[in-house]
Amino acid sequence: MDQAGLTLLDWRRRVHAVYTAVRAATDLARAHALWSAERDDLFARHPQSPIAADRRAAFTGVPVKAYDAAWRFELPIDTDIDSVHIDVATGTDGIVPFDRVGKVVVPDVGSLDVWALRSYGGGLFIPLRDRTANRTTYGGGRYLIDTAKGADLGSDAAAGTIVIDFNFAYHPSCAYDAAWACPLAPPGNVLEVEVPVGEQLPAGGWY
């Protein structure tokens, strides 16, 4: 394995580790602070950081709103839906195929489609775009769940439920550098409300 492959492995191992700690936590505000601090450290120091090397010295952290337990939900996944397939071109993973396998209905917020990654390794993917997009968050949206990359807040297979915690909404790599291409929120993942928690943009954006 070349050096880039090793550093990518290390990045993903650290992401998996922090989400494992979040799922095990009883103090979610403290877990959220740990998650934010670990992401800041990865962005500032790691070779796989989406922030270009010549801008890392000026990086002081990703703005994140304080934890608000009102934005955490454990919800059933409704699988009685029409199947939809999309192929998404990305900067590092080529064409990534997704199938819509369900949706979650978030009380007083709206519904979000649940997507299954149909390439090697699989996983669930839930992006979102809300009324803060192009204002205080990235215009293309943020991610809640990307289990193939380690972003997994928990689920109950027997009950058919999944944890949706908007406090952990994070920006994709393309929010930090235009050189990246990322899957963005399709129409079924666009909310007509503001989601005021999770990662925010700094004044003026990242680039």
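Student: Does tyrosine 143 count as buried or exposed?
Tutor: Buried means under 20% relative accessible area, exposed means over 50%, and partly exposed lies in between, with a 1.4 Å probe and protein chains only. Tyrosine 143 has 6% relative accessibility, so it counts as buried. This is a predicted model, in which local features need pLDDT of at least 70 and side-chain atom pairs count only at pLDDT 80 or more, while totals for chains, interfaces and linings use all residues. Residues are numbered from 1 along each chain as its sequence is written, and side-chain values use heavy atoms, leaving out hydrogens and water.

Student: How many residues of strand β6 are buried?
Tutor: Helices (H or I, at least four residues) and strands (E, at least two) are DSSP runs, numbered from the N terminus. Strand β6 covers residues 142-146, and five of the five are buried, so the rest of the structure largely encloses this strand.

Student: How many bridges join strand β5 to β6?
Tutor: Two strands pair if DSSP finds at least two bridges between them. Strand β5 (residues 124-128) is joined to β6 by four bridges, and the two run antiparallel. Across this pairing, proline 127 stands opposite tyrosine 143 in β6.

Student: Which other strands pair?
Tutor: Strand β2 (residues 85-89) and β3 are antiparallel and share five bridges, with aspartate 87 opposite proline 97 in β3. β3 also pairs with β4 in the antiparallel sense, over eight bridges. In that pairing, glycine 102 faces valine 114 in β4 as its opposite residue.

Student: Which residue in the hairpin of β3 and β4 takes a positive phi?
Tutor: Aspartate 108 does, with a phi near 65°; the hairpin has three residues between the strands.

Student: How do I read a pair of aromatic rings?
Tutor: A pair of aromatic rings is described by the distance of the centres and the angle of the planes. Rings of Phe, Tyr and Trp (its six-membered ring) pair if their centres lie within 6.5 Å; planes under 30 degrees apart count as stacked, over 60 as edge-to-face and the rest as tilted. The structure holds twelve aromatic pairs. One of them joins tyrosine 67 and phenylalanine 168 edge-to-face, at 6.3 Å centre to centre and 65° between the planes. Tyrosine 67 is in the loop between α2 (28-45) and β1 (72-76), and phenylalanine 168 is in the segment after β8 (161-165), so the pair ties together parts 101 residues apart in sequence. Tyrosine 67 and phenylalanine 168 are both buried.

Student: What are the values for phenylalanine 125 and tyrosine 143?
Tutor: Phenylalanine 125 and tyrosine 143 also form an edge-to-face pair, 4.9 Å centre to centre with 85° between the planes. This pair links distant parts of the chain, since phenylalanine 125 is in strand β5 and tyrosine 143 in strand β6, 18 residues apart. Phenylalanine 125 is buried, with a relative accessible area of 5%.

Student: Which residues form one aromatic cluster?
Tutor: The members are Trp11, Phe43, Phe59, Tyr176 and Trp206.

Student: How do I read a salt bridge?
Tutor: Side chains of opposite charge can pair when their charged atoms come close. A salt bridge is a side-chain nitrogen of Lys or Arg within 4 Å of a carboxyl oxygen of Asp or Glu. The whole structure has nine salt bridges. One of them joins the side chains of glutamate 38 and arginine 14, at 2.8 Å from N to O. Glutamate 38 is in helix α2 and arginine 14 in helix α1 (residues 3-24), so this pair ties together parts 24 residues apart in sequence. Arginine 14 is partly exposed, with a relative accessible area of 23%. A network of salt bridges links Arg14, Glu38, Asp41 and Arg45.

Student: With which residue does aspartate 130 form a salt bridge?
Tutor: Its partner is arginine 142, and the closest N and O atoms are 3.0 Å apart. Aspartate 130 lies in the loop between β5 and β6 and arginine 142 in strand β6, so the pair ties together parts twelve residues apart in sequence. Aspartate 130 is buried at a relative accessible area of 5%, and arginine 142 counts as buried at 1% relative accessibility.

Student: What does arginine 100 show about polar contacts?
Tutor: A polar contact is a pair of N or O atoms within 3.5 Å; within protein, one must be able to donate a hydrogen and the other to accept it, and residues adjacent in sequence count only if both atoms are side-chain atoms. Arginine 100 is in strand β3 (residues 95-106). A polar atom of the arginine 100 side chain lies 2.7 Å from the backbone oxygen of aspartate 82. The side chains of arginine 100 and aspartate 113 are joined by a polar contact of 3.4 Å.
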